[in-house]
Every structure is written in structure tokens, then in C-alpha cells.
Amino acid sequence: MTTEAMPNAYRPGATNLPARELAMIERRQALLGPAYRLFYDRPLHLVHGEGVWLYDAEGRAYLDAYNNVASVGHCHPRVVEAVARQAATLATHTRYLHDGVLDLAERLLATLPAPIGHVMFTCTGSEANDLALRLAFAATGGTGLIVTANAYHGVTQAVAQISPSLGPGVPLGAHVRTVPPPDPATGDDRGFGPAVAAACADLLRHGIRPAALILDTVFSSDGVFTEPVGTLAPAAEAIRAAGGLFIADEVQPGFGRTGEAMWGFARHGVVPDMVSMGKPMGNGYPVAALALRPELVAGFGAQARYFNTFGGNAVAAAAALAVLEVIAAEDLQRNALTVGGRFRQGLSALATRFPCLGAVRGAGFFIGVEVIRPDSGLADGAMAARIVNRLREAQVLISATGPQGHVLKIRPPLVFSDENAAFFLDRLESVLATAE
Ligand code: PMP
């Protein structure tokens, strides 16, 4: 992401840093080059994680309210054990028969609606979305794509072209149209289906056949829009009426995070044609996938072969299976629903006392809190960045999102407890008391 799109990114010279940290940043810059960004005015040097806690090189503990990858908790012993056991037994790929990837596919399909019947494995969410586009082009004969105005769908050439949040330096493809996210405050929730229909009509007017509408079903990079449920169905209808497919990008909301459902689309009562997933799937082990209606890969599969060297390898499958087992065994979806609900209430209570906080949105453990100028109610990205950085100093980790970077993005591991939420609210209150 560009620094502009990442308002809390480290800016060289913005803070006086100790010589050791500066040396590490310079070494990193020299070795990794200029495209990487670090979080926070004072970057974190982390060395260890456990549950909801991350520890820096000095042994300080930070409450992690941001990392959805380690979704069942950092270094969860059951996942670590499953990965270690499989790595010590066999690490091969999907060109050999192996039960692990089949058990995983079965387990995943059981969580998805009936029309979805196949799973294809990748290593990253970007690859899953890239594959979704290839299959959508092949199945529909179209190339037109519709995304939201500040969407992010990944790093390959094809998906960077449908990721407006990367900023003007990464131009959208000529075959791409954007629609505003379904924000109830602007009425764009009611207008969401019609906006998709209009985007389809515009593609057709330019001689481009629509292939797919692809949506992050919690609209995380657009600023977190989770209500009202039901807004996705008219949009899916509109793309299908124009001959295209509906792809749910579940990389952010999937695996129980919203509390109300295993998948973000399910909250909206809509059935996608394809579902991409990744990030939390292996609790840190790189594993991702695309689930889809079998008809959509029939023609492609007859003519082309699919092989992803590491996608669905035996160790990846063991990691993902362990994650699914832990989510069920520890009832983590319900934890996201109940603790997440109470946590949002706590945040809303703070918002009534601190006028720089606006709308509190979200579902389960996917929470967005608007930061606004009290006088005008307008977005205040600079204040949001200040809050994020001060929370980091107070040993609580979050980030900010949305086109203006003014929405605090709070997305803790699913094992986050009421006690963790109380700790968070206490630190946030202190930060707000001094930041305003
Ligand atoms: N889709 C969405 C909605 C994402 O948030 C991301 C990652 N931030 C991706 C796709 C890409 O996933 P990955 O980084 O694993 O390639």
C-alpha cells in the first residue's frame, strides 16, 4: 500500500528513534528495497507471540487487537504441533494422493453452501483471487470486473488492477469499474444493487462483457461496512443478470471472525459463485484457497491443468485442518459474537464521551470506529493516525483503514477475551483523554 493509503506507516525522521532501531530500519531498507512499509511512527521489533500477546525485543508485551492472521491466537500449540508433526512426516504436493488435502477440502465444503462443490488450493489470498479471475473469464467469456471504490484484492498484476486502495500509482484496468461501498450513512447501502447494475451497463456500453463482481464482504479497506445485512443480494442479482459471477473475497471476514457466520457473505443471506479465502486459514502458515461451483471450472479443467507447487501441500493442509478444529473446539465463532458484541458496546460508550469518535461499526471481531472532527463531523485521518500511534506507545496494537484513513481498524485474534477488551478500552480512554 502507498504511505498515503497507510496513514500510520512509519515515516523516516518523524520520530527520534534510538540508534539501534534506526540501524535496523536502514539495514532493512538496504536489503528489502523501497516498496515495503512499516507500521507506526516507532516501528515494532517483535520477537515472540502467544495468544493475544506480542512481545518486543525488550520483553514488553503488546495486546494484539489487529492481527487476523494468527486468528486462533499467536503460536497456538495445537496448530504448531500439527505443522511440526506433518513437517516431520511428509511434505509433498497435490500431485500425489494424500488424505490431508482431501480431509481439509471436505471440512471446508461442509461450511459452505451446497452449490459450492470444489476447493482449489493456493498459498495466498492474491493467488486465490487471481485464479478466481482466470476462471471467471473462462466461464463467462467476459473480462469486465466490478469492485468497490477503495477495494484491496492483492498483489498480482491482475488483482492489483482491481485494488484501488493501492492508490493512483497503480492504475485500475480499463476493464474495471468501481462502486461505492454500501454505507447506510450515505444511502449507498440501498443504492448498492443499482450501482452494480449501472457499472454493468457502463461496461457493456464500452463493449466489455461483465465477468465478475468481487467484494470483500465486510468492506474492510473501504472503512468496514457490515450493516444492514441483505445489501449484497441485489448486487449479486445485478451482476448475474449481466452474465457475470459474484465472487466473495473472504480473506478478511472468513473463518468465523464476524461471529454471526463462518463466512461474511452468509450474514447477508447470499450464495456466491466463488469464495476466496486465506489469511487466518493457517494461523500464520501460508495457505489459501478458492471454493467454487463445479460448473465454473469444468470447461477450464478440460483444457488446462492447475498445479500450485505449495498450494495445498501436506503441511499447509495440516495447519488449516488444525485451525478449523481449534475454531470448533474452542467455540471461537461464538466468542467473536459475544465478546465482540460487548467490546463494540464499550467502544460505543467511549464514543458518546469523546466527540472525536464517530460511528462504531462491525460484526464480531471486525470493528471499525470512525474518527471525526467534532465541529464538522468530517473524517480526521490525522487524528486516527495519532490515536493508532499513541495506542502503540500504550502497548495496544491496531491500525486505521478507509480511503481517508480515519477508521480505526480493530480486528483481534478470535481468542480475545472480555478482560482483553477491558484492558483495550482502558488504554484507549487514556489515549483519547490526552490526544483530543
Ligand atoms: N483480499 C483481501 C480482502 C485482503 O485483505 C488481502 C490481504 N490484505 C488479500 C485479498 C490478499 O491476500 P494475500 O496478502 O494473502 O495475498
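This is a predicted model: local features need pLDDT of at least 70, side-chain atom pairs count only at pLDDT 80 or more; totals for chains, interfaces and linings use all residues.
Residues are numbered from 1 along each chain as its sequence is written, and side-chain values use heavy atoms, with hydrogens and water left out.

**Exercise 1.** Describe the aromatic pair of tryptophan 53 and phenylalanine 423.

*Solution.* Rings of Phe, Tyr and Trp (its six-membered ring) pair if their centres lie within 6.5 Å, and planes under 30 degrees apart count as stacked, over 60 as edge-to-face and the rest as tilted. The structure holds eight such aromatic pairs. In one of them, tryptophan 53 and phenylalanine 423 lie 5.6 Å apart from centre to centre with 80° between the planes, which makes the pair edge-to-face.

**Exercise 2.** Work out whether phenylalanine 343 and phenylalanine 424 are buried or exposed, and which cluster holds them.

*Solution.* Begin with the pair itself, which is edge-to-face, at 5.0 Å centre to centre and 85° between the planes of phenylalanine 343 and phenylalanine 424. Both residues are buried, where buried means under 20% relative accessible area, exposed over 50% and partly exposed in between (1.4 Å probe, protein chains only). Finally, Phe343 and Phe424 belong to one aromatic cluster with Phe365 and Phe416.

**Exercise 3.** Find the ring over which the charged end of arginine 95 sits.

*Solution.* A charge sits over a ring if NZ of Lys or CZ of Arg is within 6 Å of the ring centre and within 35 degrees of the ring normal. For arginine 95 the ring is that of phenylalanine 307, with the charged end 3.8 Å from its centre. Arginine 411, in turn, lies over the face of tyrosine 66, at 4.2 Å from the ring centre.
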